[in-house]
Amino acid sequence: MSTFYERFERHDHAAGLKAQSTHYCPGCGHGLAHKYLARAIEELGVQDRTIAISPVGCSVFLYYYLDVGNTQAAHGRAPAVALGHKFANPDSVVVSYQGDGDLASIGLTEIMHAAQLGVPITVIFVNNAVYGMTGGQLAPTTLMGQKTTTSPLGRDRTMGQPLRMAELIAQLDGPVYVERVALFDAKQRVRAAKAIKKALRLQVENKGFSLVEVLSECPTHLHLTPLEAQRWVKESMLPVFPLGVKKDATPTDWGTWQKADFDPDALLEAVGARAPPVPRFCSGFPHGLFGGDIGLKLAGAGGDGAQTAAMLIARAAINEGFDATHIPSYGPESRGGTSYADVRLAQDEVFSPDVPTPHVLVAFNAPSLAKFGLAVAPGGVVVYDSSVVREPPAFDASVRAIGVPCSEIAAELGERKVKNTVALGALQCATGLFPDETFLAAIRQALQGKSKLVAVNEEAFRRGMRAAEGCGADDGWFGWWI
Amino acid sequence: MAPVEVRPKPVLRSKYCKGCGRCIDACAQGLIERGTDIHPASGLVPIALHPEACNGCGLCVDACPEPYGLVSASLAAELDASEDRRRFPHPRLPAEEVPAARAALPEGRPLVVKGTHAAAIGALLAGCRHFFGYPITPSTEGAELMAKLLPSLGGVFLQAPSEVATVNMMYGCGGAGRPVMTFTSSPGFSLMLEGISYMIGAEVPGVFVDVMRAGPGLGNIGPEQADLKLACRGLGHGNTHAVVLAPATPQEMLDFTMLAFELSFRYRNPVVLLADGHLGEMTGKVTLPAELVRPGEPAWAVSGDAAHRRNLIASILLKETDQEAHNLGLLEKYARMAEGEQRAELFRCEDAEVLVVACTTPARMAKGAVRALRDVGIAAGLFRPQTVWPFPIRSLLPLLGRARRVVVVEASGGQLEDELRLALSHAGASTGVEIQHVRRMGGVLPSQGEIVEAIRGKRSSRKVVAA
């Protein structure tokens, strides 16, 4: 039997004549396009591999007829659905069958991008210059002067002009083959059948994207007899939509398709979970520091390294077996602009991850210090870059503010970027949050693959600590407020 | 002398001829003309064929738009032979269902990753190797990680031209039986709703991670629980529902994404995972599970091979009673989801007199508030829906007898409260007290402090409105 189902069970449960009769009006071109597609599938021996995507429009019921894998798509989206199928099963032969409203109006984005992508799928585009299923409205391919129910006096320039899809698509780099054919006489029908087969063959051979535009008759909505409609296509459509091959690139192979890998080790490797655990140095969560969970805010301009430093603190805490969160917040700029980070540390579980009243504020510039300085919790610590903040604001008496020339120290080290590590060292000196080794291990861990930077960051951390000496956790300063 | 080739003559199956006459033009011999008699079965006037002088060129058959109208002699013989044999769609048996399998995952170290990355890794662990998406802040980093990792795992990452194309690529790929996902954020999720309706109608699995941001319109990229209503009540047109998961930590972003794939295939339905801007960006500790999933091959998939050739993915049922039956089937499926998939975390609810209801990131602020309230002797508890649809009403009902106050904390104008009220109403239950709320919007989340203040400041059952 052919590529058509022997009985069209999906056509109203094959009731009566519907078992072997299509739903198309007498003389409609869709039946012919279906037939040539079915024959091409048969002749290429790919019936089992073929997936036909039915569009919205008169050919929505393609799946009634073609005995292949079938998917019915939303209006205009058939090329996207086809790509989904093709990527899911590269061996499948995927055909997107679409009308003019579907492809050239609502689905313009999908068809243009699928064509330019060039993935081997086959598009059969049936252009009959009118909307059929909705009842004869203006199509993007309706001719100038053509009367439709939504251009009752004929299409004029206020309704736009017909879109020549084959030419549009042929000028893209993606497709390997684009041709426009017609159905109005025996010669054209032979060409149409041949073009459809070629378009399918190029996919079977894994060459690339191809599209065949088929000028077709809609006798019903042209208000013509089928034979008059054939003449109309020949005499009226052809001057606007010239037939012929629009693109026939020397097809090279699309390339090999990858095979999905579900190997557990490969996955662990990919997500970076293969490395051995980082050693622990901490004897317990620093509950005594601020009376429980700890909130830190790091703020500066984009590029100051606030987020990287915030991440290091969170990572250090997690390495020690505690819980930590880090929430970044940026201004709208892609580069520069403001950059704030909220870090919350807890022994077992961070509850509220935001830090409206930080225990520790690290500010890399004056605006950040002004914005968050007064929100610091009583008894809190502020570390700021005294290289750029010359006049710090007046803080609450219980807040300890430590100016450290982070930028200058970084410049001395020859690596301006490490000013955040300098600040981290200062923070560590001021709070003794975790053992020094915890931070140094986190720094080394973060710089995996960038080993050249490890030494300068370690040095920056130590320099930051030294610069903040005298206001540290060891001088008994915390005693009076805890 | 070479034998004369006798080409078989075409056969007109007049019942199926619509009399269009395309074949009349096609015949060079002029052996076809318009008919005159109405066919009793079709009510149409078939053409009249005079095959006596026919040389069997076949051009008339190629001109007939009907597959079974004017046919070749060989096809006619086949059709006659099988007249009484029913064959739908062809005699093949349904494909065999190949279930998903689990494989042990060697122990790795905990990851320190942001929420979107955790969800992406969860998808990979769930066997997802197909990603389609369109960049939108604050969800994009999930897509970026997929773009980086999928090629090394033999997977597919494709940046679609839009969210509309994205969801339709998912429809095709999911319809082929593959675990497929996307990351998006509120405006993008809006654009995907039509496609989600098609997926639900055609029973196609797929996972949508929506990192919600502030709206309406373009709004901003700050966190808001802006899409609870869409996900729970508005998944496109028609009779739609999907399980809506609401994680609150990066760990749950991973765990719930894995769960989402499992549920998506169990019910052949999309699953929505609602994060918010903070959760998507939030870095935290994430422990990997002990197993990963190797996806199966569903029997229903349209996968381009002989075993699955009979299958159809479609949401169109032209006959009204067929569509109604399909909808009844969907309702029955939604009832199974509602029965089997309610999930909630209860924190200090056992003796709670003040019951705080919150989900996603605001639930963490609420959890902090509950601890702070407990510290000052107020018996508060957090009821955190981990599925917003179905709302976990079963575990809420037993708490209502003790609760003297119910306070919904959310980053929206009342979308979570609406879900709570609907769930209570469907259960024929009531809180017995007025439902109060703490709401922030526009990219602002309720802080722990303002929740505590709101609850401490108002001990009566009057409305609590945040400053």
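How many Å separate the centres of domain 1 of chain A and domain 2 of chain A, taken over C-alpha atoms? I looked it up: 63 Å.

Before going on, I noted that this is a predicted model, where local features need pLDDT of at least 70, side-chain atom pairs count only at pLDDT 80 or more, and totals for chains, interfaces and linings use all residues. Residues are numbered from 1 along each chain as its sequence is written, chains are lettered from A and ligands numbered from 1 in the order in which they are written, and side-chain values use heavy atoms, leaving out hydrogens and water.

Domains. I found chain A split into domain 1 (12–248) and domain 2 (285–480); such bounds come from an automatic or database domain assignment. For chain B I wrote down domain 1 (11–81), domain 2 (101–340) and domain 3 (344–457). The C-alpha centres of domains 1 and 3 of chain B are 73 Å apart.

Sheet. Next I traced an open sheet of 8 strands with mixed pairing, in the order β7(A)-β5(A)-β6(A)-β4(A)-β3(A)-β1(A)-β2(A)-β16(B). At its edges I found β7 (244–248) of chain A and β16 (312–313) of chain B, each with a single partner strand, so one side of each has no neighbour in the sheet. Strands here are DSSP runs (E, at least two residues), numbered from the N terminus, and two of them pair if DSSP finds at least two bridges between them.

Pairs. I checked β5 (177–182) of chain A, which runs antiparallel to β7(A) over 4 bridges; E179(A) has V245(A) as its bridge partner. In chain B, β10 (206–214) and β11 (220–223) are antiparallel over 2 bridges, with R213(B) bridged to P223(B). Their hairpin has 5 residues between the strands, and there G217(B) takes a positive phi near 65 degrees.
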